[in-house]
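Me: I'd like to go through this structure with you, a few spots at a time. Could you keep the answers in plain sentences?
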There are 4 protein chains.
Amino acid sequence: MLDSAVVSYSRSTKIVWQRGYGHQIFDVDGRAYLDFLSGCGALNYGHNDPDMKAALLDYISGDNIAMGLDFFFDAKEAFMKAFQVSILAPRNLDYRLQFPGPTGTNAVEAAIKIARKFTGKSNVISFTNGYHGCTLGALALTGNQNYRTGSHALLGASHRLPFDGYVQGLDSAAYLARLLDDPSSGIDNVAAVVFECVQGEGGLNVASACWAQEIVRICHQRGILVIVDDIQAGCGRTGSFFSFEELGIAPDIVTLSKSISGFGIPFALTLIRPDVDIWNPGEHTGTFRGNAHACVTGRVACEKFWSDGTTADRTARLSGIVTDHLDDFAASFGLHRKGRGLLQGLDVGTSETARAIQAQCLTNGLLLECCGPQGEVVKLMPPLTIPGDALIAGLGVIGDAITAACARANVRPHQRPVAAPQPKPLSSVQ
Amino acid sequence: MLDSAVVSYSRSTKIVWQRGYGHQIFDVDGRAYLDFLSGCGALNYGHNDPDMKAALLDYISGDNIAMGLDFFFDAKEAFMKAFQVSILAPRNLDYRLQFPGPTGTNAVEAAIKIARKFTGKSNVISFTNGYHGCTLGALALTGNQNYRTGSHALLGASHRLPFDGYVQGLDSAAYLARLLDDPSSGIDNVAAVVFECVQGEGGLNVASACWAQEIVRICHQRGILVIVDDIQAGCGRTGSFFSFEELGIAPDIVTLSKSISGFGIPFALTLIRPDVDIWNPGEHTGTFRGNAHACVTGRVACEKFWSDGTTADRTARLSGIVTDHLDDFAASFGLHRKGRGLLQGLDVGTSETARAIQAQCLTNGLLLECCGPQGEVVKLMPPLTIPGDALIAGLGVIGDAITAACARANVRPHQRPVAAPQPKPLSSVQ
Amino acid sequence: MLDSAVVSYSRSTKIVWQRGYGHQIFDVDGRAYLDFLSGCGALNYGHNDPDMKAALLDYISGDNIAMGLDFFFDAKEAFMKAFQVSILAPRNLDYRLQFPGPTGTNAVEAAIKIARKFTGKSNVISFTNGYHGCTLGALALTGNQNYRTGSHALLGASHRLPFDGYVQGLDSAAYLARLLDDPSSGIDNVAAVVFECVQGEGGLNVASACWAQEIVRICHQRGILVIVDDIQAGCGRTGSFFSFEELGIAPDIVTLSKSISGFGIPFALTLIRPDVDIWNPGEHTGTFRGNAHACVTGRVACEKFWSDGTTADRTARLSGIVTDHLDDFAASFGLHRKGRGLLQGLDVGTSETARAIQAQCLTNGLLLECCGPQGEVVKLMPPLTIPGDALIAGLGVIGDAITAACARANVRPHQRPVAAPQPKPLSSVQ
Amino acid sequence: MLDSAVVSYSRSTKIVWQRGYGHQIFDVDGRAYLDFLSGCGALNYGHNDPDMKAALLDYISGDNIAMGLDFFFDAKEAFMKAFQVSILAPRNLDYRLQFPGPTGTNAVEAAIKIARKFTGKSNVISFTNGYHGCTLGALALTGNQNYRTGSHALLGASHRLPFDGYVQGLDSAAYLARLLDDPSSGIDNVAAVVFECVQGEGGLNVASACWAQEIVRICHQRGILVIVDDIQAGCGRTGSFFSFEELGIAPDIVTLSKSISGFGIPFALTLIRPDVDIWNPGEHTGTFRGNAHACVTGRVACEKFWSDGTTADRTARLSGIVTDHLDDFAASFGLHRKGRGLLQGLDVGTSETARAIQAQCLTNGLLLECCGPQGEVVKLMPPLTIPGDALIAGLGVIGDAITAACARANVRPHQRPVAAPQPKPLSSVQ
């Protein structure tokens, strides 16, 4: 036993994974599984996309450099150009690209540091059920106490507000404004507000456009920066490339990681409004800022999937299928559908039920995970590239597992007696 | 201009790098440079080692998974086994392996979190000129104020002590003991002491065996954990695999990154004494804990370079050559040699002189960097795999640059008038 | 000019005060003013109460000790006994008495330290508009940013929640419960909740019995201590000795200062539930813990004013008079009455209006101050011992000032055209 | 049992104190004790000085105000004038007077807040064995862990350096300079350095003039403020009014408390260099800033004891007597004399021995306390006003106790066999 006690996924199954292709993942015995986990959002384009793979093999074969610190190097220049052309320009977004070290938490640390430097203030407002990473700066913004307690860490200069919809009937954007304008509210010295448009770990809670726009308006009126953590919800996961596009906002800083390399390789970006980008040279540093392999695959991802609206349109259609099925399951069993795009799930009430569903899915060849404060939300994150029939087949597996689990849990359908929900026929999506 | 203002290396040169092979790195125009930077220690085995490259190409070609979270997967199991067989077992070291996210700062954050959890205490003692990373937990332990100020970050629960030799005539280990035993010293609640055996960024300051042993003895008598940050000095850089081997100590926690993948791919490990490894599942997490590509190359690195004593022996011989040359340069120009193994350099007095030397080296086809509080130390980090003649050629380039710079800086040789130092003939090393 | 720029009261008037007697304060020219400020709550029994004065003169004349550290001494023993007999025993309250240093902020610091020690947790929840003192521990709990910013202080381990009624329609007690029970709310490791039953500086916001009881119930179910800061609202200010009596709660820790000496002499107490009182000897210390003069007058205050229900009854009657008048003023000018007992006031909308009223009152011989986030609340704190006719006369002065100021401010009476509010006839109160 | 478990002095004796006069303190049974504790430095002029007493009785009898917040009032104006005339002007010192709340810890909190505001920096450097108070801001600067641990307090933005002489052979002023000038020392963002010229609680460690001057020079060259905490060592305790006078330095900020009222009444001052006094009105506040009784007695103290050099001269002579005796005791028993002026003591090696000496002294009618990291220093703080023969008598009592305790502890005189040390004859002191 060499592995640290800290491992978590490998406690849920003894399966040893080996290969992956598109929406499928294979164990060492060659058994195929539908992958509705997608590397926790790091494999939005599925496993081993052939074009990225070819480019990467070619790059490595040619003895091109694997890491380039933050020197200029070919592969990075090409990535930046592709990102500019395919992602930023079409959306009229103007950001500087910081390579903060190839993990999401690094991107968040860089984001809050530059926000604090730019504003000269130290407080960062985050939200209930938010997840932003496990290094101490990001951890202060992360809600889940499993990550926070025990470590006796000094977590500071952060204030927590209720996320959109967290408290029934409370307009938490108006509450923020009230706190900021009341000189004895106890909330002051605020540098930035950071949120996810869909809280991926926190239970697929969705920020409404109205709320997000209010947050941005309130912040900008008061010289406070808005940071959208798009590490899990971005890279096309909710339909558009950035999860905030549908909300009609333009954050000052955006964090990206997970699927930004497109291939599951460590990579991260902190996008910074040009006038906010007042870093001194080397003020935030790290050895692996320039992960060349990730630049190669990331460039292909930009060019292949985001040179036009195809990916977003397709994701919208697939999302509709997921929504319909989950609404049916929810109606059948009195559950609650959550999330947006291909980041949706079902609140099944308890972590026991959720884990039972997860286990049964795995038995039946489908990999997914649970999220939410108590792990009570069954979470579906199929690759954006999944074929429609595979998606529907997967939804069938999930439906069966829900039926079984809810039967066991003695859940009474609260509206109408239904048979196990059936996969819907697929026409327009392939 | 898309790059953030935070970039540093690319400010020192407009060269655009493209390929690398062994100890050489090539720009887009095909010009070759001797690489005495080695990806800042991430390329200890040179660029694109053919065996790692072959294994990686094979792995990718076979559609094996690129990332596996912390599930069990083939490539990770194989890496762990190789690390156990080649690295830990021969040294009689018993550690659990945590994959804390693929960057050094992540490894440090995990180390201090588990130390705080294990001891129930919060204070971490670090040293002058130490460098441990840029996320907030690690940043509290990092000395260089360029990384710390500006960000208005709350850096807490850390106390700074003078490193071995920092204050002339002060036994800083005895000082630590005094502080710990004096109930009104103001230093209490100490979870861990963290240090580098050679301070890579801080100026190549070397911890003596005597000092390190004293630190460990003092800590262990008082229930304090010892963390060695071996991110830059480890992976064979100073001769043995771990930099602490020559010091005759066994830390409770070790952080590794940079060259642990062997290929320049993001990867990191936190090694934890088994009884200290009291993590709850998932208590420290991150998407890229299981970087499969790094597992593949890291396994090859263990097997190829560390199955016997060849690498360490060869590094010792090369180090001797470096030491001899630097001693000559030092004697000629009244400078000061620093460091250990293939992590050595020259304190040339000012950052201006150091930068002039660096620039001239680059002009003459050799890449290196400076370090130290003021950037006053010219730092040599050739690949461990560099051929002897290339090493000597590189030392010649450096000698010329020193001669030129010190002449310009009007440095008077303080001992004897000498001609520019000459590369030494090489016999036993190849 | 010797005085520091930090002074505030002396900026509002150049009057030099000299003597005081009961509800009157006299300047150096002998002009008498009605004192509706009462030393900001430190003179609840008026100036120079003759019985306390006699006892103090007697004590000093007899060369009794002025300060006794925390030794046993006569005057302290007598005070403790009187406090037990007159205050604690009749209310069935069981507390240990800590003398934490003779200021309110010291009492708060002691309270949060023992709460953190007892629970082993560090987070303290405080509320919007709360005021708890200006030393760093207390400051972290204080809302007003005038006290907090500028000092670059590290204010930590505190979370701020909306006070009862702060957000329209939000049940902030239920919100607290939700946060505590949601493991990813981001609020964890909570040692204590601290609040004032009437927020004296924050604008005379009143906690309802229902809210306070819910807070206590929620905390006690979860092992969290409840601290009531009764420094301003206690010592009879709201009617009963403790402001929390009417709310039907029994806090675990209570802080007292201001009028606890009865004579305006520095003094403070932290009352601690016996099983929570796990201090080590001397763990919280300070030179002036044993202020003997304050013990002498404080003893007389307990015996004279609290040996039966007279004071509380009389305060209730006087409070009714204040309420009636303020309700009239409020109705006449569309203002808002706030507070409870003899800690009431009028929200007049802006600090300009409030300051105009304050200035006119002073011109007309009545001293009072303003409070609230913007200083928009005219605050009435007459001595509890004020004669009824003097109270009514003072209310008349205030009414005139309101009329004048609201006329100037072009405030339109929103209900009915009324003449300047008239003092009410007094019958039952004398 | 009403008293909190936090009490300390009353654990060392069950004596109930009652009266005091000059250098004598009396218990409830009328037994007189020599007071070599002087209210821990709050009674430098002895108990119940007749002139202060008369002035205070007169003030109270005349119904003058007891507390005046920070309004202008007679007694405060008179005190400020006397302080200016008797203390500041003769020493060519120019300070603004802040009344920060009537306790030492409050004065320290105000000092560090204004230093942080003025410099815009947050770090405060304090020293091993320093004691500055028990509220959280001051506590961060206090060395003794009995006050710090247990409370789970967040103590931040402070760095601890070795006090003058703490480490044999280390010039800790030079070390400070090195740390400040080394940009990767880890010590940065420094607002102020705070120290006591004689560490009263920390064991009577004395700062040398050379060291103190170096600290001031180093700080002033770098825009760092120097704060001298003169709460225990000031008010004439070491001879001159301020303990720093003999050291030839002029701090930027000085904290005073304890004996500043002269009568044992709570009072404190923060003296601030005029250009540093950039407080906003009310930015640091507190109810008891204007303790009128203390102003009355404090004025008398200034006028009576500091209108000329008599007190300082007399203290110098008495200090000589103490020094001579303690040197004898030290020589006889191989002990170590510490301290300066009438703040001297003997390091007797262990707290057991010290406590035995303290107990025997009490039995024989002399009250004193112990200090030092382990409580190993027997501390003599007689009133400055003690008659010479009483001082010598007290030294005799102490000598007897030392003899007895050292005999019991089997201490071998290391130089010469001597009889119990004898009080010296007194001639010039009366």
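Me: At what angle do helix H8 and helix H9 of chain C pack, and how far apart are their axes?

Reply: Bearing in mind that this is a predicted model, helix H8 (residues 172-181) of chain C packs against helix H9 (residues 209-221) of chain C at an angle of about 15°, and their axes are 9 Å apart. Angles under 35 degrees count as roughly parallel, and H8(C) and H9(C) are therefore roughly parallel to each other.

Me: And which hand does the crossing of H8(C) and H9(C) have, left or right?

Reply: The crossing of H8(C) and H9(C) is right-handed.

Me: Which residues of H8(C) and H9(C) meet there?

Reply: From H8(C) come Ser172(C), Ala173(C), Leu176(C), Ala177(C) and Leu180(C), and they meet Trp211(C), Glu214(C), Ile215(C), Ile218(C) and Cys219(C) of H9(C). Sorted by class, the contact of H8(C) with H9(C) has eight nonpolar residues, one polar and one charged.

Me: OK, now chain D: how do the axes of H8 and H9 run there?

Reply: In chain D, the axes of helix H8 (residues 172-181) and helix H9 (residues 209-221) cross at roughly 15° and come within 9 Å. H8(D) and H9(D) are therefore roughly parallel to each other, and H8(D) passes H9(D) in a right-handed crossing. On the H8(D) side the contact is made by Ser172(D), Ala173(D), Leu176(D), Ala177(D) and Leu180(D), while H9(D) contributes Trp211(D), Glu214(D), Ile215(D), Ile218(D) and Cys219(D). By class, that contact of H8(D) with H9(D) has eight nonpolar, one polar and one charged residues.

Me: Switching to the largest nonpolar core, which residues touch the most other members?

Reply: That core has 484 residues, and those that touch the most other members are Phe83(A), Phe83(B), Phe83(C) and Phe83(D).

Me: What is Phe83(D) in contact with, leaving aside its neighbours within four places in sequence?

Reply: With those neighbours left aside, Phe83(D) is in contact with Leu88(D), Leu97(D), Phe241(D), Phe242(D), Leu256(D), Ile260(D), Leu269(D), Leu271(D) and Cys302(D). As general background, nonpolar side chains tend to be buried together in soluble globular proteins.

Me: Next, backbone angles: what is the phi of Asp63(C)?

Reply: Asp63(C) has a positive phi of about 55° although it is not a glycine. In general, most residues other than glycine have a negative phi. Asp63(C) is found in the loop between helix H3 (50-61) and strand S4 (72-73) of chain C.

Me: Is Asp63(C) buried or exposed?

Reply: Asp63(C) has a relative accessibility of 11% and therefore counts as buried, the cut-off for buried being under 20%.

Me: And what about the phi of Lys258(D)?

Reply: Lys258(D), which is likewise a residue other than glycine, has a positive phi near 45°. Lys258(D) is found in the loop between strand S12 (253-256) and strand S13 (269-272) of chain D, and at 5% relative accessibility it counts as buried.

Me: Over to chain A, where is His23(A) found?

Reply: His23(A) is found in the loop between strand S1 (16-21) and strand S2 (24-27) of chain A, and it is buried, with a relative accessible area of 16%. Neighbours within four places in sequence aside, His23(A) is in contact with Tyr33(A), Leu34(A), Asp35(A), Pro383(A), Ile386(A), Pro387(A) and Ala390(A).

Me: Last one: is Thr363(A) buried or exposed?

Reply: Thr363(A) is exposed, with a relative accessible area of 56%, and it lies in helix H12 (residues 351-363) of chain A. The C-alpha atoms of Thr363(A) and Val397(A) are separated by 9.9 Å, the two residues being 34 residues apart along the chain.

Terms used: Residues numbered from 1 in each chain as written. Chains lettered and ligands numbered in written order. Predicted model: local features only at pLDDT ≥ 70, side-chain atom pairs only at ≥ 80, totals over all residues. Heavy atoms only, no water. Axes fitted to C-alpha atoms, helices over the stretch in contact; angles between N-to-C directions. Helix = DSSP H or I, 4+ residues; strand = E, 2+ residues; numbered from the N terminus. Parallel < 35°, antiparallel > 145°, perpendicular 65-115°, else oblique. Left-handed = near helix turned anticlockwise from the far one by under 90°. Contact = heavy atoms within 4.5 Å. Nonpolar A, V, L, I, M, F, W, Y, C, P; charged D, E, K, R; others polar. Core = buried A, V, L, I, M, F, W, Y, C linked by side-chain atoms within 4.5 Å. Buried < 20%, exposed > 50% of the residue type's maximum accessible area, 1.4 Å probe, protein only.
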